[in-house]
Amino acid sequence: MIKTVRKNTKGLSGEIVIPADKSVSHRAVMLLSLAKGTAYVRNFSSGADCKSTLELYQKLGVEINYVDEKILKITSNGKLFNSNTTEPLYCGNSGTTMRLTCGVLAGQKFNSILIGDESLTRRPMKRIIEPLSLMGAKINSNEFHAPLSIRGSNLYGIDYHSAISSAQVKSSIILAGLSAQGKTTYTEPFQSRNHTELMLKYLGAEINTHENSTEIIHSKLEAKDIEVVGDISSASFFIVGGLVVPNSNFIIRNVGINPTRTGIIDVVQRMSGQIELMNKREIGGETVADIRVIYSENLKSCTISGNDIPRLIDELPIIAVLATQAEGKTIIKDAQDLRNKEADRIKCLVSELKKIGAEIEEIPDGFVIYGKTQLKGNVSVESFHDHRLAMSFYVAGLISEKEIAINNFEWTNISFPEFEQLFYKINA
């Protein structure tokens with residue numbers, strides 16, 4: 001599908017409720033599948049990735065049913081079983097599904113195979129296979145890529161120091177530690193998003209976090225209801241849209257502001273963006289707020305690096321669009337893991353933003369953007385089957401002199417099927 005986007009000349013106004021957090025939705029299904037009892041997940045994500053997780057755990061014998069469009073009822077005896085060991089378990093396009101489930105399945109009493117679509121098959125799995133193997137896991141792969149053939153094994157705890165900060169890697173090892181003998185300790189350079197740790201603690205696991213280290217021992221989980229907060233990664237496209245489209249002033253409701261995810265807010269404030277957090281509250285261990293966004297004409301450049309990166313890795317493509325409207329040189333570095341996403345997001349983002357008229361340069365671990373630049377448009381850009389690139393180019397189209405056409409825009413359904421509908425709602 002080709003999506004044509006035209007310049008917004010009147011501003012964004014009104015208010016929207018942001019959809020459910022994808023990271024929390026994944027984990028709610030996985031952890032309640034490992035918990036004994038019945039519980040409800042309210043405000044479950046409608047994205048294709050989360051549906052991949054839901055369907056996979058149904059195949060593992062967990063009773064999961066929709067009560068209505070946004071509420072799941074999950075019943076489990078605390079154990080999984082593979083009803084058909086010859087049938088591979090399909091993860092779709094979801095790296096979260098594959099990496100976290102690999103940690104879950106490594107310590108089970110049956111064998112299994114994890115597969116994915118063409119894009120997921122290209123994504124690196126060595127980062128989870130190596131530490132899981134140190135725990136005693138038996139995993140065969142295609143040169144550290146999917147499919148992953150897992151032979152259920154007895155696992156034992158390890159003290160593991162990761163070279164990268166990755167919530168998916170951390171969660172995979174922690175979930176393996178849930179069924180391992182002894183204590184598992186995971187340490188990372190900077191703290192990555194901690195939804196797994198918070199939810200495990202909420203469900204009764206023996207887990208402790210000290211700065212960048214997490215410890216867990218073999219634990220039984222108790223089923224409890226989970227309400228999923230709004231997704232700040234989804235909100236980021238609207239935040240940037242409001243900051244760069246003249247005359248914008250609107251409110252985004254129900255946004256999760258977990259401190260391990262609010263790098264986008266910190267960067268916006270450093271760049272002098274007008275943003276206000278209102279009505280802060282707590283839902284199921286996660287902090288939530290409403291966010292007011294106002295057009296900001298005098299944005300300033302900044303450097304984004306180091307411990308910034310794990311807190312906004314998914315938001316870097318849309319931050320690049322924001323940086324085109326900031327005075328000065330914005331540097332984004334230490335983000336080499338962007339090359340291992342659905343696409344090489346560094347290379348692809350730079351090539352397509354240049355087409356639109358951005359002054360942007362690729363560097364090995366990120367990019368440099370020179371602003372303030374009037375984006376030109378009048379081009380066709382590729383999404384590279386990457387939902388976050390497609391949505392970032394949509395926002396760029398709202399401030400381009402002439403329209404842009406985005407190829408394969410349907411990939412936004414992977415994480416955010418409501419994306420365009422919500423922009424229509426606030427597009428004056």
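Reply: Let's start inside: the largest cavity has a volume of about 110 Å³. A cavity here is found on a 1 Å grid over the protein atoms alone, as a set of points where a 1.4 Å probe fits but cannot get out. Grid points are joined across faces, edges and corners, and the volume is the space filled by probe spheres set on those points. Bear in mind that this is a predicted model: local features need pLDDT of at least 70, side-chain atom pairs count only at pLDDT 80 or more, and totals for chains, interfaces and linings use all residues. Residues are numbered from 1 along each chain as its sequence is written, and side-chain values use heavy atoms, with hydrogens and water left out.

So who lines that cavity? V24, H195, L198, M199, Y202, D225, I226, E227, I283, G284 and E286 do, where lining means having an atom within 4 Å of a point. Two elements give two or more residues each: α7 (195–202) and β15 (226–227). Helices are DSSP runs of H or I with at least four residues, strands are E runs of at least two, and both are numbered from the N terminus. The biggest share comes from α7, with four residues. By class the lining has six nonpolar, two polar and three charged residues. Searching the whole structure turns up three cavities of 30 Å³ or more.

Now for the open spaces. A pocket is an open set of points with protein on both sides within 12 Å along at least five of seven lines. About 690 Å³ of space lies in the largest pocket. Its lining takes in 38 residues, with S165, S166, I313, D337 and K341 nearest the centre. Four helices each supply at least two of the largest pocket's lining residues: α1 (22–33), α3 (95–106), α6 (167–177) and α12 (387–397). The largest share is from α1, at four residues. This lining splits into eight nonpolar, 13 polar and 17 charged residues.

The second largest pocket has a volume of about 510 Å³. It is lined by 21 residues, and G78, Q108, S179, H218 and K220 are the closest to its centre. Here the classes come out as seven nonpolar, ten polar and four charged.

Buried means under 20% relative accessible area, exposed over 50%, and partly exposed in between, using a 1.4 Å probe and protein chains only. Leaving out residues up to four places away in sequence, H26 touches D49, C50, T53, S94, T96 and T97; a contact is heavy atoms within 4.5 Å.

As for cysteines, the structure holds zero disulfides, a disulfide being a pair of cysteine sulfur atoms within 2.5 Å. C91 is in none, and its nearest cysteine sulfur, that of C102, is 9.2 Å away. C91 is buried at 0% relative accessible area, and C102 is likewise buried at 0% relative accessibility.

Definitions and conventions. Nonpolar A, V, L, I, M, F, W, Y, C, P; charged D, E, K, R; others polar.
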